[in-house]
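Hello,

Here is the structure I said I would pass on. My notes follow below it.

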Amino acid sequence: MTVSRRALLVLSSAALAVITVARRIGRGRLGFSEALAAEPPAAGETMDITLLVNRASHTLSLDPRTTLLDALRDHLALTGTKKGCDLGQCGACTVLLDGKRVNSCLMLAVAQQGRRITTIEGLAVGGRLHPLQAAFIAHDGFQCGYCTPGQIMSAAGFLAEGRPPTDETIREQMSGNICRCGAYTNIVAAIKEAAAKVDQNAALQL
Ligand code: FES
Ligand code: FES
């Protein structure tokens, strides 16, 4: 999950250029070569997109440079996903994309159309806590709680990967999620307990 800020900016610029070219061709304004030579989108230009978040479809009008994290927090009011470093280094912003864990601060929202996005708000179903949420409470897997949504979403992705939930594997696979309160011992205990309760088929549906 580690992507440098420089790499992200390069990738974002490339993605934005492709999106801009595609939009201009799609509107019938320009041919392909003309679109390639055209200027990037003007400041304030927005793009209509549809995101599937927690089993619900949302249509948004966004600056194409908006990250998935900012789209979730600032445009969909899903503030459970936290902004820590905004640099891809802390894991506080972890969500699932088609069931795989990602740092949402490193993803462009416009590039996630048609994908299944799951945030901490989508984990409990029918008012029942997900086994990971219940286990984090039972084991005091937090102190201030700021990193907790990212820890739980990363753990949900880890359990769906089907790796053996040993202490060593959990610590290695959760190493991208930083807890400044140092609640690691209890976090590992919570994930081990939840691993015994999470149905693998259900884990793959997230
Ligand atoms: S806020 Fe995304 S990794 Fe820190
Ligand atoms: S519980 Fe405070 S940062 Fe993890």
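What covers the buried residues of helix 3? Strand 1 and strand 2 are included in that cover. Please keep in mind that this is a predicted model.

Helix 3 first. It spans residues 68-75. Its buried residues are L68, L69, A71 and L72. Just after helix 3 comes A77, with a positive phi of about 55 degrees.

Now the strands. Strand 1 covers residues 47-53, and strand 2 covers residues 56-62. The two run antiparallel and are joined by seven bridges. One pair to look up is I49, whose bridge partner in strand 2 is L60. The hairpin of strand 1 and strand 2 has two residues between the strands. There, N54 takes a positive phi near 50 degrees.

Strand 1 has another pairing. Strand 5, residues 116-118, pairs with strand 1 in the parallel sense. Two bridges make up that pairing. Look for L52 opposite R116 of strand 5.

Next, T81. This residue sits in the loop between helix 3 and strand 3, which is 94-97. Is T81 buried or exposed? T81 has 23 other C-beta atoms within 10 Å, and the cut-off for buried is 20 or more, so T81 counts as buried. Which residues does T81 contact, once its neighbours within four places in sequence are left aside? From helix 3 the list has L69 and L72, both buried themselves, as well as R73. A separate distance may be handy as a check: T81 and A92 lie 7.1 Å apart, C-alpha to C-alpha. In sequence, T81 and A92 are eleven residues apart.

Last, a helix pair. Two packed helices are described by the angle between their axes and the distance between the axes. Helix 4 (residues 131-138) and helix 7 (residues 184-195) pack at about 140 degrees. Their axes are 8 Å apart. On the helix 4 side, P131, L132, A135 and F136 make the contact. On the helix 7 side, A190, E193 and A194 do. By type, the residues of this contact are six nonpolar, one charged and no polar.

Best wishes

How values were computed
Residues are numbered from 1 along each chain as its sequence is written. Chains are lettered from A and ligands numbered from 1 in the order in which they are written. This is a predicted model: local features need pLDDT of at least 70, side-chain atom pairs count only at pLDDT 80 or more; totals for chains, interfaces and linings use all residues. Two strands pair if DSSP finds at least two bridges between them. Helices (H or I, at least four residues) and strands (E, at least two) are DSSP runs, numbered from the N terminus. Axes are lines fitted to C-alpha atoms, for helices over the stretch in contact, and angles run from 0 to 180 degrees between N-to-C directions. Two residues are in contact if their C-beta atoms, placed from the backbone, lie within 7 Å. Ala, Val, Leu, Ile, Met, Phe, Trp, Tyr, Cys and Pro count as nonpolar, Asp, Glu, Lys and Arg as charged, and the others, Gly among them, as polar. A residue is buried if 20 or more other C-beta atoms lie within 10 Å of its own, exposed if 12 or fewer, and partly exposed in between; C-beta atoms are placed from the backbone.
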